Structure formats: structure tokens, C-alpha cells
Amino acid sequence: MTATTARITLHPDFRKGTIDRRIFGSFAEHLGRCIYTGLYEPGHPEADEHGFRQDVQELVRELGVPMVRYPGGNFVSNYVWEDAVGPVEQRKPFLDLAWRTIEPNLVGTDEFLQWAERMGVELMMAVNLGTRGVAEAVALVDYCNGEGGTYWSDLRIKHGREKPYGVTLWCLGNEMDGPWQIGHKDAHEYGRLAAEAGKAMKLVDPSIELIACGSSSMQMDTFGEWEQTVLTHTYDVVDHISMHAYYEEHDGDRASFLASGTAMSTFIDRVVATADSVGAKKRSDKKITISFDEWNVWYLETRFVGEKNLPIQKDAPRIIEDIYSGLDAVVVGDLLIALVNHADRVPLACFAQLVNVIAPIMTEPGGQAWRQPTFFPIATAAGLARGEVLDLRIAGDTYVSQRHGVVPTVTAAATIDADGNLALFLTNRSPEVSEVEISHVGAALALTEGKRMLADHEPAVHGPEHAAAVAQRFWGDIDITSTVAENGATTTRLRLEPESWTALVGRLTV
Ligand code: AHR
């Protein structure tokens, strides 16, 4: 087999900007078993006094999640948050139309916000702009953040929570461009409503940051036009625009699937260009940034029956519990590289979702909690990426992918902290070994240790035993002496395994 080659040029002085750790955020929706029997399962041997599973909490900590989006997703677009606060025995169950599931309302705003607080994670709350509007959104901000002296903030105090929660991040609805969304709107309708809701919410608490809904994917017919119109209405009031994208392998086309990070980069660049064009027209100095608040590998087209084909269910049904392979984990690692490289315009991102639902953490009711293969690149990148993102230059072999055109064989991103500690992330998308030359003229590079994930060729199987076997065979520490083929004063040569994701740490000093 012939090796492919790539050349990466880096220098500590060439930087893109500070990395916001919130790009390693996640998402917990009232969907399937994410909340019930995922995070929350009173009666489980590991449940704490609040009913939340401590084995799952341990894994969430290990994952390094700094922020969680809640309560949806599609769920939020028919959610009546007032029915899920106060005494639990008085709460009303309702039929969630998004996932056709009877929601018992046992976990609501207070339970979830207090869980997040105990975990030390920030909340990104979403308001319902599907079936509801300005008044209910304003009331929720007041309930969460008000100091007291108003009906809603006093109600929170009456429910036992004196101190305001201080929720900073607020999504103005969810995927309102999607015809599947309850209360779906066209761009003008949504843009006007989001502008008015956002204006009023900031009057309650001017310190909050607002996220307008962007497109549900780059494949939506309205993509581009949607962002243009929504931002024309909301530019002065919102801070971020959302992006959502899920990737999957189609018809065994591994090469395209492995290039998903390039598709994500293209999507980000297009949304940034559209946002900046609205800003330019408005002669505004303000820059709208991206909240990539749903991303992952999800076998949406190949494994999911579709929301409207779901039967009405209760008791936390198993919905979209995708099982992941080593290949999926390499793609997730590559998507993380794309996000890190856009840290200058993407301060917020959430891998969807946290537990059981297309998630890196799985549980069995009454049983174990375990890590899927995708857990490892997320935890590693979240643990290592620090400080500022380096502005790398990469030149090298490319290949033609059916879905995403010509793409690079090797992708990379790097961060450096104030002490010169470097984290370098690389994907080799090729089925061959890649010989990578790092040019670091004017700086010394010492790579000391690393981890890598290999793409497997095996179907993923549900269960903790299979996940552990995949981790053992395809994930682990690397032998740094065989990865660093040669370490010179100005160039360092690496050898990357075929179809692999690698994280290296070391020092880069002048
Ligand atoms: O993450 C699952 C679903 O995907 C979310 O509810 C929705 O926003 C998206 O379509």
C-alpha cells in the first residue's frame, strides 16, 4: 500500500482566537430515554436523593461537558413549561406531539436546572415559539432569572428556590424552518416573532444571550434565504444563529462519510457569510456568531422510521438509540476538528444528545451505564483543547468524495495555552497510512503522548460488552515513538494509521 502525504505548517504566533469551552456542550431533550431512565431514574441503585443516576453523572463529568441545551429540540415546540413546575403530584402529563410520547412532567425546569447546577454545567434553555409566544417566553425568563417581587419569580421562590438560576443562553424556538416542527413558520413569521420575543426577554434580563433558529440542515430548500430573512428581522436583538447537522454513511460510501468534517466546515462558512452579508447591508459593526447546537452522527435516513410513524407511547420508549462503531467515532473526531477550527465564529456547540438518544452514554433501566465509541474523541478533545486555536496551514493529498467533492485526506486542528502546551488533533480519512510532515520553523515541537481511534469494519452491536470490546480494539494510547517518525529542529514527521483520529499533546515553544 502506498502512503498518502500531508504537510502542516504551524507557529505559536499564528492564532485564530480563543477557544470557548462551550463548543463541547451537549443536549438533553425530553425524547425517548434521554431524561427518563437516562439521567433520571428514581429507584435505580445509583440514584441520588433527587432521583438522578450517579453512574451517569460520573460519565457526564468524564465527558467534560461544560454546557447542556434543554428541554428540546422538537419537544420544546409544544411544551407548556408551567405544567412541569411546583409540586410533582399536581403536575399534568401531556401528549408530546413531536415524539408522540406521554410526558409525565416529573422532571421540569427546577429539577433540570438544579441537576445542572450540581454538575457545574451551564444551561442553554429553549423557549417554545411553536405553539406559544412572547408572553410565555418572558414568563420563563422571569421564573428562572427574576430576583423576586413578580408573579413568576415569586412562584419560583414559592417552589423552594430563592436564588435566581441566572440562565444566560436562550434559544428562540427550535428548527422553526422544518415542516415537521409543531407550529412551523415561514422565515418572515418566525423572524418577526423571534425579534419580539427576544426584545421582551432582554427587557426582563438584559444580560442574556439569544440564539435565533437557523436552518435545520444545509439540505433544507430554504437554506440561506431562511438565515438572510430571519437575521434581517432579528440582527439587532440576537447574539447567535443556530446550526444543526447530522451525518451518516449512505450505501457503504465510507469515503464521503469520513469527509463529513469538510461538509460541516462548508456549512459553517456559508452561514457566517450569510450573517455577515446581513450585517454589511445594515452597516453594522456587530458580528453574529454561531451556536452549532445540534451535531452528531445520526442514521436518520437509514435507520429512523420518522417522527410521524412513531406509535403513541409512554414510559420512556426507546427512540433513536443509535449504536455506534469505531468508524462513527472517527467521524465524530473529524467533526470536532471542524468545530475547533471555526472557534473564531463558533463559540457554542452541542453534540446531540447526552444519554441514550444518539448519545455517547448509554444506560439500561435498573442496569449499567456505559460509553459508546463516540464518547472517546469527545472526552479527549474536551479535556485537551485549551487556550487559543492555532491558524494551521495544511497542504497535501486529496480525494474525490461522491457527496462532498474534493476533500483533504488529512485534517488537523491545534490549540495552545499560555504555557506553550499544545493539543493537536488529526484525522486520516484515507484507507492508507498517511505520512504527515509538520513544519514548525522558528519553534521547537515536542510531542509527548497521544491517543487514537481506528475506524472498524464491523457492525455496531448494542450493549456494554460490545462497546467495551470496540474500545479495547480500536481506541487507546499510542506508541509515540512509532507515531513520531522523526523529530527535527524545524520539521516533525508523523505516521497516521489508516482511517483514524489522533490526539497528541506536547509543547510548542519559541
Ligand atoms: O436531536 C433529535 C432531534 O433532531 C431534535 O429534537 C431536533 O431539533 C432535530 O431535528
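Predicted model: local features only at pLDDT ≥ 70, side-chain atom pairs only at ≥ 80, totals over all residues.

Biologist: Why is I312 called partly exposed?

Modeller: The relative accessible area of I312 is 47%. Buried means under 20% and exposed means over 50%, so I312, at 47%, is partly exposed. I312 is placed in the loop between β11 (289-297) and α9.

Biologist: What makes I312 part of a nonpolar patch on the surface?

Modeller: Patch residues need over 30% relative accessible area, and I312 has 47%. The patch consists of L95, L97, I102 and I312, with about 330 Å² of accessible area together.

Biologist: How do you know that a polar contact joins the side chains of T302 and E248?

Modeller: The pair lies at 2.6 Å, and the cut-off is 3.5 Å; therefore the pair of T302 and E248 counts as a polar contact. T302 also touches E249. T302 lies in the loop between β11 and α9 and is partly exposed, with a relative accessible area of 45%.

Biologist: Which residues touch the most other members of the largest nonpolar core?

Modeller: W170 and F292 do, in a core of 149 residues. Helix α9 (residues 326-341) gives the most to this core, with 11 residues. Not counting residues up to four places away in sequence, W170 touches residues including M125, L140, M201 and I211.

Biologist: What does the second core include?

Modeller: This separate core has 24 residues, among them L390, L392, V436 and L496. In soluble globular proteins, nonpolar side chains tend to be buried together.

Methods: Residues numbered from 1 in each chain as written. Heavy atoms only, no water. Core = buried A, V, L, I, M, F, W, Y, C linked by side-chain atoms within 4.5 Å. Buried < 20%, exposed > 50% of the residue type's maximum accessible area, 1.4 Å probe, protein only. Helix = DSSP H or I, 4+ residues; strand = E, 2+ residues; numbered from the N terminus. Contact = heavy atoms within 4.5 Å. Patch = residues over 30% accessible without salt bridge, like charges linked within 9 Å, V, L, I, M, F, W, Y side chains within 5 Å. Areas by Shrake-Rupley, 256 points an atom, 1.4 Å probe, with all protein chains shown as cover. Salt bridge = Lys/Arg side-chain N within 4 Å of Asp/Glu carboxyl O. Polar contact = N/O pair within 3.5 Å; in protein donor to acceptor, adjacent residues only side chain to side chain.
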